Amino acid sequence: MKIVFISILSFFGIVVSSANPPKDNFTYLDNGVICIGVDQSRGSAIGYFALSKEKRNLLNHHDEGRFIQQSYYGDKDGSMWAKKPWTYNPVQGGSYKGEDAKTLEFKKSDHALYAKVEPLHWANAKTCPEAIMQEWIKLDGAVATIRMRLDYTGESHGRKAHQEMPAMFVDYDLPHLMFEKEGKLVKHAPVDLKTNGKPEKISYDTSWLAYVDDKNYGVGIYTPGTNEAVNYRHKGSGSIGPNGSACSYVAPIRTLQLEKGTVVDYHFYLTIGTLDEIRARFATIEKSREPRAKSEDKK
């Protein structure tokens, strides 16, 4: 068994909408502070995240590609995304045509969610039983802790690719991408996908990123040991909100070559609040982590 970590140019879920109407079969975990929801009809991918009292979902789930979810990339395999040559690409939510990935097992308690998923190839909608994905979610105060795991048993791929750790799509009303670099807080304007043509790669220092509005309120993601990301903004038809065609996107990335027996197993954290609250919560998590865990993040 080989465990390796990651790098990717992420394009899925950008322009092509589902051919089918949203199915939205959400199951929620709510601790009275925050509420997180997964869509069991689409690979139990995360498509809802809100403060319990406000109930404003800050995520975007316009199509099967736009969730907080697992997605991996391998060699070119003759598949086509619309008219674009594509690669091997198992996606937790499903395919670009609107076909849905299958939730094989699902468990919910008062404090946790678990899902086991057979993903679909993004471009050709073939099932990917060789790329079984698992997801564990629990809530602690204003922070959601999520563990993702891929067990890959298929044929080895020859190239290393940038992989999302994980993909995150949020409301277009959150335009400012925030992070820290060289001891300074950075307010970054993501590239416009229509103008730029592809996602932009950035580097940062503290393993967290946040999308916020003009009042510095929004959603943050922290993937320990990850210091590169790809990002963009896509206006689409201009409709905003959870089902809107417009979105803001970011994904922490690492470089991974899919080989037979590869296991990818990592944690990340989500929170909602002001930028000061987001930074403080992630700093507390960082301080609490064991030195051994920190060293494993770098493998």
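This is a predicted model: local features need pLDDT of at least 70, side-chain atom pairs count only at pLDDT 80 or more; totals for chains, interfaces and linings use all residues.
How many nonpolar, polar and charged residues does the lining of the largest cavity have?

**Figure 1. The largest cavity and its lining.** The structure holds 1 cavity of 30 Å³ or more. The space within the largest cavity amounts to about 40 Å³. Its lining is formed by Ala 50, Leu 51, Glu 54, Arg 56, Leu 58, Tyr 217 and Ile 272. Sorted by class, the lining has 5 nonpolar residues, no polar residues and 2 charged residues.

Figure 2. Ser 79 counts as buried because its relative accessibility is 5%, and buried means under 20%. A polar contact of 2.6 Å joins the side chain of Ser 79 to the side chain of Asp 77. When neighbours within four places in sequence are left aside, Ser 79 is in contact with Lys 84, Pro 85, Trp 86, Thr 87, His 121, Ala 123 and Asn 124.

**Figure 3. Leu 209 in the largest nonpolar core.** The largest nonpolar core contains 48 residues. Within this core, Ile 36, Phe 49, Ile 146, Leu 209 and Leu 270 touch the most other members. Not counting residues up to four places away in sequence, Leu 209 touches a set of residues including Leu 177, Met 178, Phe 179, Ile 202, Tyr 204, Val 219 and Pro 252. Another core, of 11 residues, lies apart from the largest one. Among the residues of this other core are Val 143, Ala 210, Tyr 222 and Tyr 269.

How values were computed:
Residues are numbered from 1 along each chain as its sequence is written. Side-chain values use heavy atoms; hydrogens and water are left out. Buried means under 20% relative accessible area, exposed over 50%, partly exposed in between (1.4 Å probe, protein chains only). A polar contact is a pair of N or O atoms within 3.5 Å; within protein, one must be able to donate a hydrogen and the other to accept it, and residues adjacent in sequence count only if both atoms are side-chain atoms. Contact means heavy atoms within 4.5 Å. A nonpolar core is a set of buried Ala, Val, Leu, Ile, Met, Phe, Trp, Tyr and Cys residues joined through side-chain atoms within 4.5 Å. On a 1 Å grid over the protein atoms alone, a cavity is a set of points where a 1.4 Å probe fits but cannot get out, and a pocket is an open set with protein on both sides within 12 Å along at least five of seven lines; lining residues have an atom within 4 Å of a point. Grid points are joined across faces, edges and corners, and a volume is the space filled by probe spheres set on the points. Ala, Val, Leu, Ile, Met, Phe, Trp, Tyr, Cys and Pro count as nonpolar, Asp, Glu, Lys and Arg as charged, and the others, Gly among them, as polar.
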